[in-house]
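Please look over the structure shown here with the following briefing at hand. The notes are grouped by topic.

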Amino acid sequence: MNNPNHYVAIMAGGIGSRFWPQSRVGYPKQFLDILNTGKSLIQWTFERYAAFIPKENIYVVTAAEYSHICEEQLPDIPKENIIAEPSRKNTAPCVAYITFKLKQQNPNASLIVAPSDHMIMDTDTFRNISLKALNFVDQNNAFVTLGIQPTYPNTGYGYIQFDQQNDAGDGIFKVKTFTEKPSLEIAKSFLESGDFLWNGGIFIWKAADVVEAFEKYDTDTFELFDAEKENLNTPNEKEAIDRIYPLCKNVAIDVAIMEKAQNVYVIPSSFGWSDLGTWTSAYDNLEKDALGNAVASDNTIIIDATKCMISAPSDKLLVLQGLDDFVVIDTKDALMICKKEKEQAIKEYVAEVKRTKGDKYL
């Protein structure tokens, strides 16, 4: 039976610029069917958690302009559980908002805070690990993160170093350090050491413990939300949040709390995880044809092309010949063709589009 004290907050406010031109400011990647599965990334995320968390305990924290999209795509979530941020201020204010809100509502609340745009293939293992983490924080003043067992020296992920000699029981280890995106040489040394994991950005904790941590490590954010806490879960909530957010620092929860706290633990995990941060990560998660092409389209003809990532509308015929190791993304009003190895520059390409064409194609 689902535990009524267990909650999930799905963070869904990003603009997904690395998935341009399919992801746009007005309709970003979490609401798109990137892998041509019939469901958007946020719909997959909701279903994953609804398997073991009561639907009425699942919240979405998103930008105000995306609230209506969340309502359309997630009809099983109560409308009042779609929390609108008036501006983007990174993840620390987002976490403060939902944890203060839930603590006022249920002092015994424990919650998972998770991104909306991850793919997880082994949902049974994911559920078991998530429940293990929730049960651990129920009984301990602890912050748990799920560390992904690395399979290669990725330089685009953060890393978590854990103390293999400090097992809190059942495969839950004390965290030693967090490291942001390393160089290739450092990433290789991390893999060789065996005590580093990818930071999946999924956090599990008691709401009351996080509020205490804000008071200790991020006093400014704590004071802003603490002053308005009586207005949360009331008709005055929106006005209160509108007062708070312009004063909030733009800071990640990792920096505000996780890197400073002494009670951080990690569960080394393998459940077929991808953060789908780039078109290449989408390529890695799609089936390939005999020439190594990944095609997220139902109306594409490929001739002598190899190892390409291809996404195109099904109502438009795409014929591709002679390309090797390219990303080809077609939409109704924009086409991008670039080498996979240059994919990290997509944000620069988007900036150039904005400079020369304005906001029309963003």
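A charge counts as sitting over a ring if NZ of Lys or CZ of Arg is within 6 Å of the ring centre and within 35 degrees of the ring normal. In this predicted model, the charged end of Lys 288 meets that description over the ring of Tyr 283, at 4.7 Å from its centre.

**Charges over rings**
- Besides the contact of Lys 288 with Tyr 283, Lys 39 lies over the face of Trp 44, with 4.6 Å to the ring centre.

**Aromatic pairs**
- The count of aromatic pairs comes to 22, and one of them joins Phe 100 and Phe 225, which are stacked with 5.7 Å from centre to centre and 25° between the planes.
- Phe 100 belongs to helix H3 (residues 91-105) and Phe 225 to helix H7 (residues 219-228), so this pair ties together parts that are 125 residues apart in sequence.
- Phe 100 counts as buried because its relative accessibility is 3%, under the 20% limit, and Phe 225 is likewise buried, with a relative accessible area of 1%.
- Phe 100 and Phe 225 are also members of a cluster linked by ring pairs, together with Tyr 97, Phe 222 and Tyr 245.

**Sheet and annotated span**
- Four strands form an open sheet in the order S12-S14-S16-S17, and their pairing is mixed.
- Strand S12 (294-296) and strand S17 (335-339) are the edge strands of this sheet, each pairing on one side only, while neighbouring strands are turned by 5° against each other on average, direction ignored.
- Within the sheet, strand S14 (residues 309-311) pairs with strand S16 (residues 326-330) in the parallel sense over three bridges, and Met 309 stands opposite Val 327 in S16.
- An unreviewed UniProt entry places the feature "domain: MannoseP isomerase/GMP-like beta-helix" at residues 298-352; in the model this span is 13% helix and 38% strand, and its end C-alpha atoms lie 30 Å apart.

**Cysteines**
- A search of the whole structure finds zero disulfides, and for Cys 308 the nearest cysteine sulfur is that of Cys 338, 11 Å away.
- Cys 308 is buried at a relative accessible area of 0%, and Cys 338 is buried at 6%.

Terms used:
Residues numbered from 1 in each chain as written. Predicted model: local features only at pLDDT ≥ 70, side-chain atom pairs only at ≥ 80, totals over all residues. Heavy atoms only, no water. Pairing = 2+ DSSP bridges. Helix = DSSP H or I, 4+ residues; strand = E, 2+ residues; numbered from the N terminus. Axes fitted to C-alpha atoms, helices over the stretch in contact; angles between N-to-C directions. Phe/Tyr/Trp six-rings, centres within 6.5 Å; stacked < 30°, edge-to-face > 60°. Buried < 20%, exposed > 50% of the residue type's maximum accessible area, 1.4 Å probe, protein only. UniProt positions renumbered as here; feature names shortened; annotations may be inferred. Disulfide = S-S within 2.5 Å.
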